Amino acid sequence: MEKIKVAVAGTGFIGPAHIEALRRLPNVEVVGLAEANAELAKTKADQLGIPRSYGDFQEVVNDPDINCVHICTPNFLHYPMSKAALLAGKNVVCEKPLATSTKEAEELVQIAREKGVVNALHFNVRYYPLVRQMKTMREKGDLGDIFSITGSYLQDWLFLNTDYNWRLEPDKSGESRAIADIGSHLMDLIEYVTGLHVTEVLADFSTVHKTRMKPLKPVETYSGKMLTPEDYQEVAINTEDHANVLLRFDNGNKGVITVSQVAAGRKNRLNVEISGSKQNLEWCSEKPNELWIGKRETANQSLMRDPSLVYKEAAQIISYPGGHNEGFADCSKQLFKEVYAAVAQGKQPENPLFPTFADGLRELVLCDKMIESHKKQAWVKI
Ligand code: NAI
Ligand code: SOE
């Protein structure tokens, strides 16, 4: 079997997670890695055991062997890199957010459509099996009509004013931060699971730390390096640490989300509760193998992730029996499994199960409307 050859651009936090997940697929081989410069690319390629290193993304685009490119760089590079790869006829898996503006995202959706290549967004949260179980339960009518949706995505890695990362800089990250960075996962999940569309938003953002201490030399917040005062300069922050958004849906009912990157103790917690006319579902990314099912007339239930207990649609993305926990890393494998089935077929499916560039565009539209609503302090129609 000839393997599908892949290159991954950007190997900070999430790039290596893509590489690991890709290595678990039998028909795929990661042959190349692109980084910000040739020296870094070579070092990373050696560390990760990848034969080819590219110090300039254009070298990936020009490499005729590369069939599919994974874009795992900071947000502002998603558009130029995706565009160049698509125009060269390559299949593309891009990290969220798809771009830093809806205009760019629209262009990418258009080019991908014209080229007919496979295009996927790494909305990996969709690939927790119990998330697919919630979607399937809703599709089968187990929830009844959806009355309301409550969601939150809370983190604490930007809790201190000394926490710093490129995501705080709009020229690298985009005009919105918390909403674009993590609210995008939550909003994608809500529309995916419920099948509803948001029609109007009322958003209120806050920037808790109006200034932050930026390290003078680049240091990743995640690295845990201890800095001293002379290592910093104070810089103004213009993106939101926290956001509350009221939502109106196309079934006439309502929802609310809260997103925060300054919630102490919440490491990476996406929580969603969907209240239906028959029952209530609650799921949390920090306990991804349990689904709470709330009842009015009988005892509530807790459904474990077990292929023999869930619908077959959810069992499809479970690799191990109940009690053998699966988590974050497994989501990417399951997502890529569906993407590479399409790559092997040579074209984007009509209605792919996996998230696409069109889904990436949808999240940018919602994000833009939330920014507009916050600025006007008024409801904004989508
Ligand atoms: P990071 O800062 O840890 O890594 C970014 C990497 O890109 C670095 O290694 C950097 O040297 C490299 N890079 C910068 N310029 C480059 C260039 N011109 N060519 C090639 N490489 C270049 O960032 P992180 O956390 O990995 O995030 C990357 C993207 O992935 C972001 O868009 C983020 O939103 C998304 N992400 C998604 C996650 C998910 O679960 N879906 C999780 C983490 C990040
Ligand atoms: C940082 O907030 C981050 O790495 C996001 O960029 C990811 O999308 C999320 O999955 C985890 O947190």
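**View 1. The shell of residues around ligand 1.** In this predicted model, ligand 1 is surrounded by 22 residues, and the closest of them are Gly10, Gly12, Phe13, Ile14 and Glu95.

View 2. An unreviewed UniProt entry places the feature "domain: Gfo/Idh/MocA-like oxidoreductase N-terminal" at residues 4-118.

View 3. Asp46 belongs to helix H2, which covers residues 38-48. Asp46 counts as exposed because 11 other C-beta atoms lie within 10 Å, and a residue is called exposed if that number is 12 or fewer. Between Asp46 and Pro355 there is a separation of 309 residues in sequence, while in space the two are 31 Å apart, from C-alpha to C-alpha.

**View 4. The crossing of helices H8 and H11.** Two packed helices are described by the angle between their axes and by the distance between those axes. For helix H8 (residues 178-194) and helix H11 (residues 357-376), the axes come within 10 Å and cross at roughly 115°, and the crossing is right-handed. On the H8 side the contact is made by Ile179, Ala180, Gly183, Ser184, Met187 and Asp188, which meet Asp359, Glu363, Leu366, Cys367 and Met370 of H11. The residues of this contact between H8 and H11 divide into six nonpolar, two polar and three charged.

How values were computed:
Residues are numbered from 1 along each chain as its sequence is written. Chains are lettered from A and ligands numbered from 1 in the order in which they are written. This is a predicted model: local features need pLDDT of at least 70, side-chain atom pairs count only at pLDDT 80 or more; totals for chains, interfaces and linings use all residues. A residue is near a molecule or strand if its C-beta atom, placed from the backbone, lies within 6 Å of it. Helices (H or I, at least four residues) and strands (E, at least two) are DSSP runs, numbered from the N terminus. A residue is buried if 20 or more other C-beta atoms lie within 10 Å of its own, exposed if 12 or fewer, and partly exposed in between; C-beta atoms are placed from the backbone. Axes are lines fitted to C-alpha atoms, for helices over the stretch in contact, and angles run from 0 to 180 degrees between N-to-C directions. A crossing is left-handed if the near helix is turned anticlockwise from the far one by less than a right angle, and right-handed if clockwise. Two residues are in contact if their C-beta atoms, placed from the backbone, lie within 7 Å. Ala, Val, Leu, Ile, Met, Phe, Trp, Tyr, Cys and Pro count as nonpolar, Asp, Glu, Lys and Arg as charged, and the others, Gly among them, as polar. UniProt positions are given in the numbering used here, feature names are shortened, and annotations may be inferred rather than shown by experiment.
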